[in-house]
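My notes follow in the order in which I looked things up.

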Amino acid sequence: HGRGAFRSDLFDATSLPVSIVEFSGNHDRGLNRLRWITEQESSLSRYELERSINAGPYERVGTITATNQLERHSYQFDDPVGSRQTANYYYRLKTIDLDGSFTYSSVVLLQVVNKSTFEVIGNAITDKIVVQAKLNESQSVLFSLFDMNGRLVRKQDFNGHAGNNTFTMSSVQQLSKGVYI
């Protein structure tokens, strides 16, 4: 003691039921895909994958049975989160031993950014409003037009597809001249 050496009989490194070699993830078309590689699994019951959205409380999103293989083994879990909303997804693995004891892994952060964009084409609109929109996935699109007092004056639904879209709201010439949002 005192020279950087520490010894404890309370911890035995050989008693861990698994070695997690890698825990990673990525977002792909509405799915958060989590992967982990293990080795030296023994006396392990299961993995529980837990998720926190925007640093909120963790909740279990999946339970995966352990294979108890001593050699390297890969696991994968797909969490269908969609891609319409920008969010930070935090994931951790709860490793549960056969006797019920458990440990947590390090945390994997997946930042999902909604890359949908839109642009109103033209200024001084007379008879129609043309909007170009880039969407991440096929979805229903609702355009709402409000006057400066916040009253809804017109709305229209469109079916959009992944990629570039052009939507036209026709017959707006009957609206009073003014500023609309």
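**Salt bridges**

I began with charged pairs and counted 10 salt bridges, a salt bridge being a side-chain nitrogen of Lys or Arg within 4 Å of a carboxyl oxygen of Asp or Glu. The model is a predicted one, so I kept to its rules: local features need pLDDT of at least 70, side-chain atom pairs count only at pLDDT 80 or more, and totals for chains, interfaces and linings use all residues. Residues are numbered from 1 along each chain as its sequence is written, and side-chain values use heavy atoms, with hydrogens and water left out.

I looked up Arg 33 and found a salt bridge with Asp 78, where the closest N and O atoms are 2.8 Å apart. This pair links distant parts of the chain, since Arg 33 is in strand E2 (residues 31-39) and Asp 78 in strand E5 (residues 73-80), 45 residues apart. I took strands as DSSP runs of E with at least two residues, and helices as runs of H or I with at least four, numbered from the N terminus. Arg 33 is partly exposed because its relative accessibility is 22%, and Asp 78 is partly exposed at 28%. The cut-offs I used are under 20% relative accessible area for buried, over 50% for exposed, and partly exposed in between, with a 1.4 Å probe and protein chains only.

I then checked Arg 29, which forms a salt bridge with Asp 28, the closest N and O atoms being 3.4 Å apart. Arg 29 is exposed, with a relative accessible area of 73%, whereas Asp 28 is partly exposed at 27%. Asp 28, Arg 29, Arg 33 and Asp 78 belong to a network of salt bridges.

One further pair I noted is Asp 147 with Arg 151, with closest N and O atoms 2.9 Å apart. Asp 147 counts as buried because its relative accessible area is 11%.

**Positive phi**

I returned to Arg 29 for its backbone. It sits in the loop between strand E1 (19-28) and E2, and its phi is positive, about 45 degrees, although it is not a glycine. Asn 54 is not a glycine either, and I read a positive phi of about 50 degrees there. Asn 54 lies in the loop between strand E3 (44-53) and strand E4 (59-65) and is partly exposed, at 43% relative accessibility.

**The chain as a whole**

How many helices and strands are there in the chain? I found zero helices and 13 strands. Of the 181 residues, 29% are buried. I also went through contacts (heavy atoms within 4.5 Å). Among those between residues at least 6 apart in sequence, 55% join residues at least 24 apart.

**The largest pocket**

I defined pockets on a 1 Å grid over the protein atoms alone: a pocket is an open set of points where a 1.4 Å probe fits, with protein on both sides within 12 Å along at least five of seven lines, and lining residues have an atom within 4 Å of a point. The largest pocket has a volume of about 670 Å³, the volume being the space filled by probe spheres set on the points, which are joined across faces, edges and corners.

I listed 28 lining residues, of which Val 120, Ile 125, Ile 129, Leu 145 and Tyr 180 lie nearest the centre of the pocket. Strands E9 (117-121), E10 (128-135), E11 (139-146) and E13 (163-170) each supply at least two residues of this lining. E11 gives the most, with five residues. By class the lining has 19 nonpolar, eight polar and one charged residues. Here Ala, Val, Leu, Ile, Met, Phe, Trp, Tyr, Cys and Pro count as nonpolar, Asp, Glu, Lys and Arg as charged, and the others, Gly among them, as polar.

Val 130 lies in strand E10 and is buried, at 19% relative accessibility. Leaving out residues up to four places away in sequence, I found Val 130 touching Glu 119, Val 120, Ile 121, Thr 166, Phe 167 and Thr 168.

Is Ser 105 buried or exposed? Ser 105 is buried, with a relative accessible area of 17%. It is in the loop between strand E7 (102-104) and strand E8 (108-112). Its side chain reaches the backbone nitrogen of Leu 93 at 2.8 Å. Apart from neighbours within four places in sequence, Ser 105 is in contact with Ile 20, Phe 23, Arg 92 and Leu 93.

Key. Polar contact = N/O pair within 3.5 Å; in protein donor to acceptor, adjacent residues only side chain to side chain.
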